[in-house]
Amino acid sequence: KLFDGKVALVTGGSSGIGRSTALLYAREGAKVVVSDIHEESGMQVVQEIEQLGSQAIFVSADVSKPEDCERMVQQAVEKFGRLDIAFNNAGIGGESNAIGDMSIEGWDKVISINLSSVFYCMHFQIRQMLQQGGGAIVNNSSILGQVGFANSAAYVAAKHGVVGLTKNGGLEYASKGIRINAVGPAFIKTPLLSGMGEETLQFLTSKHPIGRLGAPEEIAELVIWLSSDKASFLSGAYYAADGAYLSQ
Ligand code: NAD
């Protein structure tokens, strides 16, 4: 299997893209650290992983807090002895308003959960991976890490920032055995979209040339591949998984 003997950490692992990726890591032989603020659904993912015959733990952590990000890496190492792979995925949609109407709190919240979190996580993951001589990090950006989307300035700025962090991390650690890449999903059917009405979902679907929204598993497959040695020459780059959304 792709990840036999390896340890993978997923933030936001209780739901959606994070959950699907945690399950695929396990199916490929990894021991998995599922981290999230939602403990109950996270424990369910741990159980599903155990049913697949692999090992997992749940770590309750808020990625907008640096001390939580440090602790999740510590707990991974305490339990499984190492950290080989990290998928920095936790995120929120946030306030929907044009810049002039967006609240300062709304801006700060999305920047902290969707962008600063990725810096905190990478900071502690990289320190551990350097001690082991290498690793692979995948950050979850978005198509909105490449283009704008009305009424989502904080989300768009955060996701562009994740691409910047990925490029910088890639160039700083390429010669030290750590590969760092970003994925860019288009709109994916997860609980993140659950607040949207049928009309909005139809509008979003119409913006995808492939004619439908994506499924979390379709993003997980790309994350798995980028996390594996099959992607040994890939670092510091952004990979869209978007049904041709960005081709327009
Ligand atoms: P989701 O809501 O199903 O999952 C997100 C998970 O992150 C949840 O389990 C939630 O509890 C967790 N989370 C939220 N805030 C957290 C915090 N402060 N600390 C720790 N965990 C926290 O959503 P999803 O669609 O699977 O989103 C995962 C990632 O994918 C996000 O970064 C999102 O921006 C990105 N993304 C989603 C889409 C989409 O259309 N669904 C598109 C592009 C990118």
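**Entry: ground rules**

I am working with a predicted model, where local features need pLDDT of at least 70, side-chain atom pairs count only at pLDDT 80 or more, and totals for chains, interfaces and linings use all residues. Residues are numbered from 1 along each chain as its sequence is written. My helices (H or I, at least four residues) and strands (E, at least two) are DSSP runs, numbered from the N terminus.

**Entry: helix 1**

I checked the length of helix 1 to begin with. The expected span of a helix is 1.5 Å times one less than its number of residues. For the 12 residues of helix 1 that should give 16 Å, and the end C-alpha atoms are 17 Å apart, which agrees.

Then I looked at burial. I call a residue buried if 20 or more other C-beta atoms lie within 10 Å of its own, exposed if 12 or fewer, and partly exposed in between, with C-beta atoms placed from the backbone. Helix 1 is mostly covered, with 11 of its 12 residues buried. Among them are G16, R19, T21 and Y25.

Two residues are in contact if their C-beta atoms, placed from the backbone, lie within 7 Å. Not counting residues up to four places away in sequence, Y25 touches F3, A8, A30, V32 and I224.

**Entry: the ligand**

Which residues come nearest to the ligand? I found G12, S15, G16, G91 and T190, out of 27 residues around it. Here a residue is near a molecule if its C-beta atom, placed from the backbone, lies within 6 Å of it. Helix 1 (residues 16-27) turns up again, giving the largest share of this shell, three residues.

I sorted the shell by class. Ala, Val, Leu, Ile, Met, Phe, Trp, Tyr, Cys and Pro count as nonpolar, Asp, Glu, Lys and Arg as charged, and the others, Gly among them, as polar. That makes 12 nonpolar, 13 polar and two charged residues.

**Entry: the nonpolar core**

I take a nonpolar core to be a set of buried Ala, Val, Leu, Ile, Met, Phe, Trp, Tyr and Cys residues joined through C-beta atoms within 7 Å. The largest one has 70 residues, and A8, L9, A22, Y25, V32 and V34 have the most contacts inside it. Helix 4 (residues 104-132) gives the most to this core, with 10 residues. A note to remember: in soluble globular proteins, nonpolar side chains tend to be buried together.

**Entry: helix 3**

Helix 3 (residues 66-80) has 15 residues and reaches 21 Å from its first C-alpha to its last, close to the 21 Å expected. Its buried residues are D68, C69, M72, V73, A76 and F80. On the face turned away from the buried side I found the exposed residues E67 and E78. The buried residues pack against strand 1, strand 2 (31-36), strand 3 (56-60) and helix 4. Just after helix 3, G81 takes a positive phi of about 85°.

**Entry: helix 7**

In helix 7 (residues 216-227), 12 residues should span 16 Å, and the end C-alpha atoms are 16 Å apart, which agrees. P216, I219, A220, V223, I224, L226 and S227 are buried here. They fall within an arc of 165°, so they line one face of helix 7. Their packing partners include helix 1, strand 4 (85-88) and strand 7 (238-241).

**Entry: two serines**

Is S142 buried or exposed? S142 is buried, because 27 other C-beta atoms lie within 10 Å. S142 sits in the loop between strand 5 and helix 5 (153-173). Leaving aside neighbours within four places in sequence, S142 is in contact with K159, G184 and P185.

I found S117 in helix 4. S117 is buried too, with 27 other C-beta atoms within 10 Å. Beyond its neighbours within four places in sequence, S117 is in contact with V63, S64, A90 and S112.

N151 has a phi near 70°, a positive value in a residue other than glycine. N151 is partly exposed, because 13 other C-beta atoms lie within 10 Å. A244 has a positive phi as well, near 75°. A244 is found in the segment after strand 7, and A244 is exposed, with 12 other C-beta atoms within 10 Å.

Definitions and conventions: Arc of directions from axis to C-beta.
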